[in-house]
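Subject: Structure for you to look at

Hello,

Here is the structure I said I would pass on. My notes follow below it.

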Amino acid sequence: MIALLVVVAAAALLFWLLGGVPQLRLRKTAQDQMANQKIKELTEYAARLRSSNKYTNAEKVYLEILKLDHRNVATYSRLGTLYSAMKNYSDATECFLMATQLSPSGTTFYNLGLSYYENRNYIKAVAAFEKAIMFDPTVQRYIGLAKTFKKLEDLPRMTSVLEQ
């Protein structure tokens, strides 16, 4: 009798779980789609503001996007380039650090290297450029690394990088 009661309770729980989960997934998917659409619209709006040189307004929109999705790598990168254009290199560095932590890539490390370079933090710039080259060795990244070695007055390493 107890075994039957346990089986019925387990079946009821399983039925409830299977019956409830698809509904929850549908609601969550619809909410995700709405949030993604809002993020897309806000991203386009921020791009228009930025192209009109309305940097402060674009910054506010990018921050609004990050409130909706705090793991949005593209928005961290866009905000970082916006801060760089505003000559706010410390905030740019923070944005590029977040982007590299969320999605390490040649591009995110290259942007981080440029930000460190502009902050005159050449040692960290070297490390970031070297990581960018490990992901994707492009001429642009080698040039960034060579310019950093030049600032450090390390001409042998600069020459070595340029020869590659």
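**Helix contacts**

Tyr122, Ala125, Val126, Phe129, Glu130, Ala132 and Ile133 of α6 are in contact with Arg141, Tyr142, Gly144, Leu145, Thr148, Phe149 and Lys151 of α7. Contact here means heavy atoms within 4.5 Å. By class, the residues of this contact are nine nonpolar, two polar and three charged. For these classes, Ala, Val, Leu, Ile, Met, Phe, Trp, Tyr, Cys and Pro count as nonpolar, Asp, Glu, Lys and Arg as charged, and the others, Gly among them, as polar.

Before going further: this is a predicted model, in which local features need pLDDT of at least 70 and side-chain atom pairs count only at pLDDT 80 or more, while totals for chains, interfaces and linings use all residues. Residues are numbered from 1 along each chain as its sequence is written, and side-chain values use heavy atoms, with hydrogens and water left out.

The axes of α6 and α7 are 9 Å apart, and the two helices pack at an angle of about 160 degrees. That makes α6 roughly antiparallel to α7. Axes are lines fitted to C-alpha atoms, for helices over the stretch in contact, and angles run from 0 to 180 degrees between N-to-C directions. Angles under 35 degrees count as roughly parallel, over 145 as roughly antiparallel, 65 to 115 as roughly perpendicular and the rest as oblique. The crossing of α6 and α7 is left-handed, a term used if the near helix is turned anticlockwise from the far one by less than a right angle (right-handed if clockwise).

Helix α6 (residues 122-135) also packs with helix α5 (residues 106-118), at an angle of about 160 degrees and with the axes 8 Å apart. α5 and α6 are therefore roughly antiparallel to each other, and α5 passes α6 in a left-handed crossing. On the α5 side the contact involves Gly106, Phe109, Tyr110, Leu112, Gly113, Leu114, Tyr116 and Tyr117; on the α6 side it involves Tyr122, Lys124, Ala125, Ala128, Phe129, Lys131, Ala132 and Phe135. This contact of α5 with α6 has 12 nonpolar, two polar and two charged residues.

Another pair is helix α2 (residues 55-68) with α3, whose axes come within 10 Å and cross at roughly 160 degrees. That makes α2 roughly antiparallel to α3. α2 passes α3 in a left-handed crossing. From α2 the contact takes in Tyr55, Ala58, Glu59, Tyr62, Leu63, Ile65 and Leu66, and from α3 Thr75, Tyr76, Arg78, Leu79, Leu82, Tyr83 and Ala85. The residues of the α2 contact with α3 divide into 11 nonpolar, one polar and two charged.

**The chain as a whole**

The protein chain has eight helices and zero strands. Helices (H or I, at least four residues) and strands (E, at least two) are DSSP runs, numbered from the N terminus. Of its 164 residues, 32% count as buried; buried means under 20% relative accessible area, exposed over 50%, and partly exposed in between (1.4 Å probe, protein chains only). The accessible surface of the chain is about 10900 Å², 59% of which belongs to carbon and sulfur atoms. Accessible areas come from the Shrake-Rupley method with a 1.4 Å probe, and for residues only the protein chains shown count as cover. Among contacts between residues at least 6 apart in sequence, 34% join residues at least 24 apart.

**Single residues**

Thr93 is in helix α4 (residues 89-102). Thr93 counts as buried, at 7% relative accessibility. Apart from neighbours within four places in sequence, Thr93 is in contact with Leu112, Ser115, Tyr116 and Asn119. Glu94 is also in helix α4 and counts as partly exposed, at 49% relative accessibility. The C-alpha atoms of Glu94 and Ser115 are separated by 9.2 Å, with the two residues 21 apart along the chain.

Most residues other than glycine have a negative phi. Lys87, in the loop between α3 (73-85) and α4, has a phi near 65 degrees, a positive value. Lys87 is exposed, with a relative accessible area of 60%. Glu153, in the loop between α7 (139-151) and α8 (155-163), has a positive phi of about 60 degrees. Glu153 is exposed, with a relative accessible area of 70%.

Regards
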